[in-house]
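The following exercises concern side-chain interactions and are each followed by a worked solution. Please consult the sequence and the structure while working through them.

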Amino acid sequence: MSGRAVEGPEVAGLGWGQSRRGALLSRVGRSSRDILLGVRDWSQVDWLRFGGLMAVPVALTWPAAPSMDARLHGWIDRHRERVNPRFFPYVRAGPLSLGVAGALLGVAGLGTILDDDRWFEYDALMMEALAVSKLYVVMGKFMTGRDSAYVTGSQGHFHGPTRMRVHGTPSGHAATVYSLLSVSSWYWRSSALHALTHVIGLYWGADILYNRQHWASDVVCGSLLGYFVGKWVVDNHARQERMGGTLSPLAVLPMGIPEGAGQAAQQTGEAAGQAV
């Protein structure tokens with residue numbers, strides 16, 4: 001729900017070995033702030049799109065005694081023995097963090113081997129999206145204070161800021177994976193990566209539900225959060241002329257830009273224009 005910002009010092013790609021204003025941490029802070037402030041400029045279409053997406057987790061958490069979240073977990077429990085647990089391994093936060101760190105180091109190493117700073121920029125964008133997503137996840141868990149799906153007989157009640165739940169809303173596991181996959185698909189402009197993003201995301205969500213790590217609504221919220229944060233980071237902080245693939249005019253339509261604030265970009269020659 002955001003368009004590409006005009007290229008400049010504030011949105012230039014954050015590459016290793018390059019002189020950029022602000023370290024990664026300060027940029028994460030600015031991005032977290034700017035995403036929230038950007039809500040003020042949403043159009044009616046943006047709000048309708050947001051409402052449509054959020055209708056899913058709201059329906060799942062609706063206190064219908066029991067909620068759809070609780071009913072879904074009950075159904076999974078009754079059919080658990082029909083599925084080989086090897087298909088859905090239990091992944092703890094520690095191993096997941098180590099795997100992510102290894103992937104980020106691997107991308108940086110690939111950039112060094114290929115002597116291509118696009119990979120360094122890609123690496124930095126993933127780190128930024130991951131950090132922003134994690135910050136929002138912690139804020140969400142604190143604000144909602146939701147009972148964990150781990151607890152036997154839990155109905156997923158919300159207690160607000162009075163209780164902080166590690167396994168509450170939204171799912172950090174889902175936000176982590178989707179933020180990285182989203183940056184990958186939007187940075188390299190690959191249809192195959194876009195499809196792979198959602199295939200992996202659906203499997204990852206099923207794995208989380210199978211192991212009762214989160215409610216379904218937690219997974220939906222975390223996935224949406226990670227996906228749109230990743231897209232926002234690429235749209236606003238990646239150098240357009242350095243991204244992989246060929247940008248078509250449809251790829252840079254000002255989605256989410258307030259009505260009248262943008263126009264479709266046109267490609268002339270090798271470089272794509274910017275939406276202004």
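A residue counts as buried when its relative accessible area is under 20%, as exposed when that area is over 50%, and as partly exposed in between. The model examined here is predicted.

**Exercise 1.** Classify D116 and R118 by accessibility and describe the contact of their side chains.

*Solution.* Step 1: D116 has a relative accessibility of 17%, so D116 is buried. Step 2: R118 has a relative accessible area of 26% and is therefore partly exposed. Step 3: the two side chains form a salt bridge, with 3.1 Å from N to O.

**Exercise 2.** Determine which salt bridges D77 forms with R80 and R212, and where the partners lie.

*Solution.* Step 1: the whole structure contains 10 salt bridges. Step 2: in one of them, the closest N and O atoms of R80 and D77 are 2.4 Å apart. Step 3: D77 also meets R212 in a salt bridge, at 2.7 Å from N to O. This second pair links distant parts of the chain, since D77 belongs to helix 3 (residues 68-79) and R212 to the loop between helix 7 (191-210) and helix 8 (216-237), 135 residues apart. Step 4: D77, at 35% relative accessibility, is partly exposed; R80, at 21%, is partly exposed; R212, at 17%, is buried. Step 5: R80 has a further contact, its charged end sitting over the ring of Y210, 4.9 Å from the ring centre.

**Exercise 3.** Characterise the aromatic pairs that Y122 forms with Y187 and W188.

*Solution.* Step 1: a pair of aromatic rings is described by the distance of the centres and the angle of the planes. Step 2: for Y122 and Y187, the centres are 5.7 Å apart and the planes stand at 20°, which makes the pair stacked. Because Y122 lies in helix 5 and Y187 in helix 6, this pair ties together parts 65 residues apart in sequence. Step 3: Y122 and W188 are edge-to-face, with 5.4 Å between centres and 70° between planes. This pair likewise links helix 5 to helix 6, across 66 residues. Step 4: Y122 and Y187 are both buried, and W188 is buried too. Step 5: W119, Y122, Y187 and W188 make up one aromatic cluster.

**Exercise 4.** Which residues have the most contacts inside the largest nonpolar core, and which helix supplies its largest share?

*Solution.* Step 1: this core has 40 residues, and Y122, M126, V183, Y187 and V229 have the most contacts inside it. Step 2: helix 6 supplies the largest share, 10 residues.

Notes: Residues numbered from 1 in each chain as written. Predicted model: local features only at pLDDT ≥ 70, side-chain atom pairs only at ≥ 80, totals over all residues. Heavy atoms only, no water. Salt bridge = Lys/Arg side-chain N within 4 Å of Asp/Glu carboxyl O. Buried < 20%, exposed > 50% of the residue type's maximum accessible area, 1.4 Å probe, protein only. Helix = DSSP H or I, 4+ residues; strand = E, 2+ residues; numbered from the N terminus. Core = buried A, V, L, I, M, F, W, Y, C linked by side-chain atoms within 4.5 Å. Phe/Tyr/Trp six-rings, centres within 6.5 Å; stacked < 30°, edge-to-face > 60°. Lys NZ or Arg CZ within 6 Å of the ring centre and 35° of its normal.
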